[in-house]
Amino acid sequence: MHAFTCGRCGQLVFFHNSVCLRCDAPLGFDPERLRMVVVADEERRCIHTVTAGCNWLAAAPGEACASCRLTRTRPADGDVDALAAFAAAEAQKRRLVFNLRSIGLHLEPRDEVAGTGVAFDLLASDQQPVTTGHAAGVITLDLAESDDVHREQVRALMREPYRTVLGHFRHEIGHHLFTVIVTPDDLGEVRERFGDERADYQAALDRHYEHGAPTGWEAEHVSEYATMHPAEDWAETFAHYLHIRATLETAAAYRLRVDGPTVEGGDAFAADPASVDPASLAALIETWLPLSYALNAVSRSLGDGDLYPFVLPPAVIAKLDLVHRLVQRAAD
């Protein structure tokens with residue numbers, strides 16, 4: 001995420017702001033320029049400003065913005081509780097769209113006739129059974145995930161170290177983008193790294209929930225869930241790639257750097273996200289690891305758990321490198 005300032009007075013403002021708290025300038029996010037701007041024409045605001053809490057600008061008056069256009073289904077207007085959860089989910093979806101655009105990937109709305117693009121169905125499970133997941137370009141999210149208590153209960157039940165709405169979106173968009181950035185010529189290398197995505201999914205799902213992750217999974221996978229099926233390994237790895245790229249971008253924008261500590265032997269943990277070469281996965285990882293160590297230490301000092309509770313062994317870094325090369329090739 002970039003660091004934004006008010007175009008009128010220079011005050012620090014944030015991605016979700018719609019007004020400057022210093023000078024009252026009306027603000028909106030321009031998704032084409034990836035900038036927060038002073039809104040000169042209020043009619044350029046997304047038509048879902050109220051319903052989705054959206055502060056983005058649309059391409060033309062009376063239209064939805066680039067993020068809201070991707071939403072196919074939402075709660076009914078009279079469902080107050082679900083609409084609040086919907087707005088919270090949309091805020092995280094806007095972060096996803098920004099994250100992708102900042103690395104050169106754009107999402108197109110679903111074209112049902114052509115079978116292209118992506119659609120988001122954001123549904124309330126208190127009204128109907130909802131399973132978060134991806135199918136043929138349609139990403140479904142159970143809006144109960146927007147509730148902190150529910151999400152933490154599920155996280156503990158599933159023995160997951162990390163569970164967020166943004167994490168869900170990054171994982172599910174990884175499934176979709178597999179069909180976009182992986183060409184037939186890439187499948188040999190992809191299957192060598194991740195396994196054959198054509199393997200029986202239901203059988204893999206049943207096996208995973210009956211027996212759990214195999215012993216020693218940490219050497220090859222970024223999470224236990226990644227061991228379930230090659231498609232999930234890809235999606236989990238893709239999500240972590242987005243975690244890393246977004247966090248490094250934010251750290252660079254706020255000029256965060258790590259200059260230590262120096263450990264026995266003279267080696268220092270050092271990272272300067274502002275100077276990292278984003279074209280090199282090795283450089284990204286070399287910067288990410290010291291930064292994540294420092295952020296985890298700060299989080300523990302506040303009495304919380306690790307901000308990034310994962311380990312990246314060589315096999316996972318090799319998978320991240322493959323994802324990185326495919327993203328770099330597909331980026332506009």
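Okay, hi everyone. Because the model is predicted, local features need pLDDT of at least 70 and side-chain atom pairs count only at pLDDT 80 or more, while totals for chains, interfaces and linings use all residues. Residues are numbered from 1 along each chain as its sequence is written, and side-chain values use heavy atoms, with hydrogens and water left out.

Let's start with helix H7, residues 281–301. Helices here are DSSP runs of H or I with at least four residues, strands are runs of E with at least two, and both are numbered from the N terminus. H7 has 21 residues and reaches 30 Å from first C-alpha to last, close to the expected 30 Å; that expectation is 1.5 Å times one less than the number of residues.

Which elements do the buried residues of H7 pack against? They pack against helix H6 (230–253), strands S9 (258–262) and S10 (268–271), and helix H8 (314–330). Buried means under 20% relative accessible area with a 1.4 Å probe, protein chains only, and contact means heavy atoms within 4.5 Å. Among the buried ones are Leu284, Trp288 and Leu291. After H7 comes Gly303, with a positive phi near 85°.

Now, the pockets. On a 1 Å grid over the protein atoms alone, a pocket is an open set of points where a 1.4 Å probe fits, with protein on both sides within 12 Å along at least five of seven lines, and lining residues have an atom within 4 Å of a point. Volume is the space filled by probe spheres set on the points, which are joined across faces, edges and corners.

The largest pocket comes to about 1,200 Å³. Of its 46 lining residues, Met158, Glu160, Arg163, Tyr209 and Tyr225 are closest to the centre.

The second largest pocket holds about 870 Å³ and has 27 lining residues, with Tyr162, Thr164, Thr247, Leu307 and Tyr308 nearest its centre. H6 shows up again here, giving the largest share of that lining, six residues.

Last stop, the core. A nonpolar core is a set of buried Ala, Val, Leu, Ile, Met, Phe, Trp, Tyr and Cys residues joined through side-chain atoms within 4.5 Å. The largest one has 74 residues, and Phe120, Ile173, Trp234, Phe238 and Leu312 touch the most other members. Helix H1 (80–102) gives the most to this core, eight residues. Leaving out residues up to four places away in sequence, Phe120 touches Leu70, Leu96, Ile139, Phe169 and Ile173, among others.

That's my tour, thanks!

How values were computed. Buried < 20%, exposed > 50% of the residue type's maximum accessible area, 1.4 Å probe, protein only.
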